[in-house]
Amino acid sequence: RTEIAHVEGSWVPYAFGPPLLGVGAMAVNFASPSFGRTTCGGGGFGPYATPTYGAGTVRSVDALDARSRCDSQTGPGTEALSGMEPRGTRFARRASEEHIPSVEIVESRQRTWKRLKSMPDMREENRHDDVQIHPKDQAYLHTLHETLKRSQGESNEFDEKSVITMDKLDDWGSGDSWHVCVQLPPGNRELGFATRSFKVRPKVSEKGAAFLAEQGVGMINTKGCKGQDMSVGQDACSLSRLTSGWEVFCLMDGHGHQGHWPANHSTRTMPYVLQNNAGCVTMLKQGQASAALHHAFEKVQSNLVYESLAKDMELQVAGCTGLCILMHEQQNAVWVATAGDTRALLLCPGRGVLAQTIDHKPSLEGERERLESMGCDIVRTEHEDGFVEERVNIQGQDFSGLCMSRSLGDLAVKEHGVTHDPDVVEWNLEGLEKAYILACSDGVWEFLKNDDVGEFVLAELESGASYHEVCEQLLHKARESWEKFEDQYCDDITIILAPIVRNRPLARVGCLGGCFMGLRRMFGCGGVKVKTA
């Protein structure tokens, strides 16, 4: 079965990435995004608009049926049914050239969904990237955004004290509390395979990487490679220590147009809420970490809505996954909250993977029942290689195309069962002398199994590698798996690795953070926390 887009009686390929040199494709790629379809899908929604000539829907058809429809069609619009071609040949095809594949080519076409799902110029079957949205639906989503702006302006739902602005996030921490987050690239442009640096708040003399090394935590945030795509990578992460002694690890994987924004904003607001929201502070003092996490996710979602309206950024079909880990040296458990398909493991030397979070997919019975009862359809596509793709659409609509059942943002489907409320699990540490937390975005889990990853990480640690070095080795291993199956495509990859150690000294940073660090280096003390395995 081959997925193609039906647009005003003709079959046209999806336009994505470098411009195709066909008449139809050239018009598609150079048209203003405001006149065509937006795209959505992937882990959620794609970051690009895909303009087309007119209305259309994404559907699946049998090869013979597609052939019968193509008998009267010519030009690059039939390209979606051709066999796999080298990219150079595809781009060099003349605009006037007719290309009608035979039934034999269609039926014998050998494809791997792991490649086709993601290549920018191969849009007919794509799980990773984008599902197109009809222009009328695009207009409808924009209307929802405008209506939300007006309603919030009239109701004044958000009071000034509860609003979390970027100024508040940059003026974060004091005394025993601190916050490490990713440094976004300037100009909203980022090279493929870029590795981001980290910044510390309050500011310290050391760079973010050195500060993380002092804390004994491995953390790496990288963009993948998606053809000639120069957009900002959509993964983000952070590490924070609250005044109360709780450590907060956050990892979010964005999707949709400017999906890096909700991901980055959420990784920064989540620990801020846990530190400053009165409800969360009280719950954590009482040891009610699960309740605090549920409350924090609610506040982060509300703040995303507020900030998106203030910045006029549409979150109808954009958002991010959510993963937040809470640890305290005096607690004999770890709490992990997840919404989406960002995953965490609990590792123990000699025992391997002790616990893992679940990915929130529409295939899960409980998730499917909630979605269908609240007005969603689960669109199921079974590919010839056996892979089953499931997407969430609003009943009667051709969007949203989300591949997960829980997320932050994604306002268009919030009333239809795609909740931002997380699953929270408590992992008991009783009897564990040594244990580690590993959290990764789906760029790691796409081709690697939990047990294999756990075994690899524990073996690297046993060999004496630092936490950062283990993260780098796992990054290389994940990228090798992408290269094996995808050739020129690799998803964004973010990895956090930390030991679980209790009863350790505090790290002190703040306006004199640099001095404390210098004193520690001079005298081997100074109260700076150094985590050891």
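These are my notebook entries on what I looked up in a predicted model.

**Ground rules.** I number residues from 1 along each chain as its sequence is written, and I keep to side-chain values from heavy atoms, with hydrogens and water left out. As this is a predicted model, local features need pLDDT of at least 70 and side-chain atom pairs count only at pLDDT 80 or more, whereas totals for chains, interfaces and linings use all residues.

**Whole chain.** I looked up the secondary structure and found 16 helices and 25 strands in the chain, taken as DSSP runs numbered from the N terminus (helices H or I, at least four residues; strands E, at least two). Of the 533 residues, 59% count as buried, where buried means under 20% relative accessible area, exposed over 50% and partly exposed in between, with a 1.4 Å probe and protein chains only. For contacts (heavy atoms within 4.5 Å), I noted that 71% of those between residues at least 6 apart in sequence join residues at least 24 apart.

**Helix 9 and helix 10.** I looked up how helix 9 (residues 260-276) packs with helix 10 (residues 278-285), and read an angle of about 70° with the axes 5 Å apart. The axes are lines fitted to C-alpha atoms, for helices over the stretch in contact, and the angles run from 0 to 180 degrees between N-to-C directions. Helix 9 and helix 10 are therefore roughly perpendicular to each other, on a scale where angles under 35 degrees count as roughly parallel, over 145 as roughly antiparallel, 65 to 115 as roughly perpendicular and the rest as oblique.

**Ser266.** I then turned to Ser266, which lies in helix 9 and counts as buried because its relative accessibility is 0%. Setting aside residues up to four places away in sequence, I find Ser266 touching Met252, Pro271, Val300, Leu304, Cys320 and Leu408.

**Helix 12.** In helix 12 (residues 365-373) I find Glu367, Arg370 and Leu371 buried. They cover an arc of only 95° around the axis, which puts them on the same side of helix 12; the arc is that of the directions from the helix axis to the C-beta atoms. Glu365 and Ser373, on the other side, are exposed. The cover over the buried residues includes strand 18 (376-382) and strand 19 (388-394). Just after helix 12, I noted that Gly375 takes a positive phi of about 105°.

**Helix 14 and helix 15.** The axes of helix 14 (residues 450-462) and helix 15 (residues 467-486) come within 10 Å and cross at roughly 140°, which makes helix 14 oblique to helix 15. I see Val453, Phe456, Val457, Glu460 and Leu461 of helix 14 in contact with Tyr467, Val470, Gln473, Leu474 and Lys477 of helix 15. By class, this contact has seven nonpolar, one polar and two charged residues.

**Val200.** Last, I looked up Val200 in strand 8 (residues 198-201), which counts as buried at 5% relative accessibility. Leaving aside neighbours within four places in sequence, Val200 is in contact with His179, Val180, Gly208 and Phe211. I also noted 9.4 Å between the C-alpha atoms of Val200 and Trp172, which are 28 residues apart along the chain.

Key: Ala, Val, Leu, Ile, Met, Phe, Trp, Tyr, Cys and Pro count as nonpolar, Asp, Glu, Lys and Arg as charged, and the others, Gly among them, as polar.
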